[in-house]
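Colleague: Please take me through this model one feature at a time. Give me the rule, then the case.

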Amino acid sequence: MNKTEPRLDRRTAILDAAEEQFAKHGYDGVTLRAIARRAGVDLALPNYYFGPKRDLFDAVLFRRAEILNKARLDQLDQCLEESDQAPSVEAIIRAYLEPMLTGEQVEEEGWKNYYALIAYVNNSPEWGGQLMTQFFDPLVYRFMDALRLALPGIEDRDLYWGYHCLSGALTLTFAQTGRIDHLSGGSCRSSDLMDACEHMVQFTTAGFEAFRKQMTADKKGRPRKGPSTRR
């Protein structure tokens, strides 16, 4: 056996255990002792490999964020390369969502824990702004630039509120609360991430395309509908 394998196995076990514990109990509800116990390692090892609890929390977030971000950027790059002119809004939204919500990984327990953890972080005033910025903002800005290509002239206010709506729907999907199961009488399942993905793609695309129609109306001097007056 390679001498590095036991060390790698212990590191992975600690990350897996921490991911599960943070997803279930939040940051403040977890101790390094509980993580070590769940990982089946000596109490000193989480701190030895990762440092204090906050550093371990960051390591858990980074591990799968790196995988997701690469997959999404690869699909976005492919979308941009295949576009003769401007990319389509739908192709951009698919590049953003499909690597996360389709594929074999969505059934893996570790990914389920990670998505629940992201839902927790993104909904937290304490963690959301800081950690989502740290791990995901560079990727989000790439997608915002792509949407500007697809929707030339879109106002930043519309662009970022549109993204806000997408991010909120994605966060709720990650949480898999079962709420939609109850509301729909079982016709929708919060665990069906592929179905959620397809509906979010269609709904979000339609929302951004509505901004395109409004931009056309603005150019013709038609007033915007609703109470949102530009300042």
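Modeller: Start with R148, which is partly exposed, with a relative accessible area of 28%. The cut-offs: buried is under 20% relative accessible area, exposed is over 50%, and partly exposed is in between, with a 1.4 Å probe and protein chains only. D145 is partly exposed too, at 43%.

Colleague: What should I know about the model and the numbering?

Modeller: This is a predicted model: local features need pLDDT of at least 70, side-chain atom pairs count only at pLDDT 80 or more, and totals for chains, interfaces and linings use all residues. Residues are numbered from 1 along each chain as its sequence is written, and side-chain values use heavy atoms, with hydrogens and water left out.

Colleague: With which residue does R148 form a salt bridge?

Modeller: General idea first. Side chains of opposite charge can pair when their charged atoms come close. The rule here: a side-chain nitrogen of Lys or Arg within 4 Å of a carboxyl oxygen of Asp or Glu. R148 pairs with D145, and the closest N and O atoms are 3.0 Å apart. Both sit in helix α7 (residues 128-150), 3 residues apart, which means about one helical turn between them. Helices are DSSP runs of H or I of at least four residues, strands are runs of E of at least two, and both are numbered from the N terminus.

Colleague: How many salt bridges does this rule give?

Modeller: The count is 15. Another one joins the side chains of K24 and E20, at 3.3 Å from N to O. These residues are 4 apart in helix α1, so about one helical turn separates them. K24 is exposed at 54%, whereas E20 is buried at 12%.

Colleague: Which pair links distant parts of the chain?

Modeller: Look at R94 and E198, a salt bridge with its closest N and O atoms 2.8 Å apart. R94 belongs to helix α5 (residues 89-101) and E198 to helix α10 (residues 193-219), 104 residues apart. R94 is buried at 17%. E198 is partly exposed at 32%.

Colleague: Which residues are linked in a network of salt bridges?

Modeller: D16, E19, R63 and R64. Take E19, in helix α1 (residues 5-25). Its relative accessible area is 1%, so E19 is buried.

Colleague: With which residues is E19 in contact?

Modeller: Contact means heavy atoms within 4.5 Å. Leave aside neighbours within four places in sequence, and E19 contacts V60, R63, R64, G110, N113 and Y114.

Colleague: How many residues does the largest nonpolar core have?

Modeller: A nonpolar core is a set of buried Ala, Val, Leu, Ile, Met, Phe, Trp, Tyr and Cys residues joined through side-chain atoms within 4.5 Å. The largest has 62 residues, and I14, L61, Y96, L97, M100, L101 and Y114 have the most contacts inside it. Helix α7 gives the most to this core, with 11 residues. Among the residues that Y96 touches, beyond four places in sequence, are R72, F143 and L170.

Colleague: Which residues of helix α2 are buried?

Modeller: In α2 (residues 32-39), they are A34, I35, A36 and A39. Just after α2, G40 takes a positive phi of about 70 degrees.

Colleague: Now pockets. What is the volume of the largest pocket?

Modeller: The search uses a 1 Å grid over the protein atoms alone. A pocket is an open set of points where a 1.4 Å probe fits, with protein on both sides within 12 Å along at least five of seven lines, and lining residues have an atom within 4 Å of a point. Points are joined across faces, edges and corners, and volume is the space filled by probe spheres set on them. The largest pocket has about 690 Å³. It has 25 lining residues, with A169, T173, A196, H199 and M200 nearest its centre. Helix α10 supplies the largest share, 9 residues.

Colleague: What is the volume of the second largest pocket?

Modeller: About 550 Å³. Of its 24 lining residues, N122, M132, V140, Y163 and S167 are the closest to its centre. Helix α7 gives the most to this lining, with 9 residues. By class, the second largest pocket has 13 nonpolar, 9 polar and 2 charged lining residues.

Key. Ala, Val, Leu, Ile, Met, Phe, Trp, Tyr, Cys and Pro count as nonpolar, Asp, Glu, Lys and Arg as charged, and the others, Gly among them, as polar.
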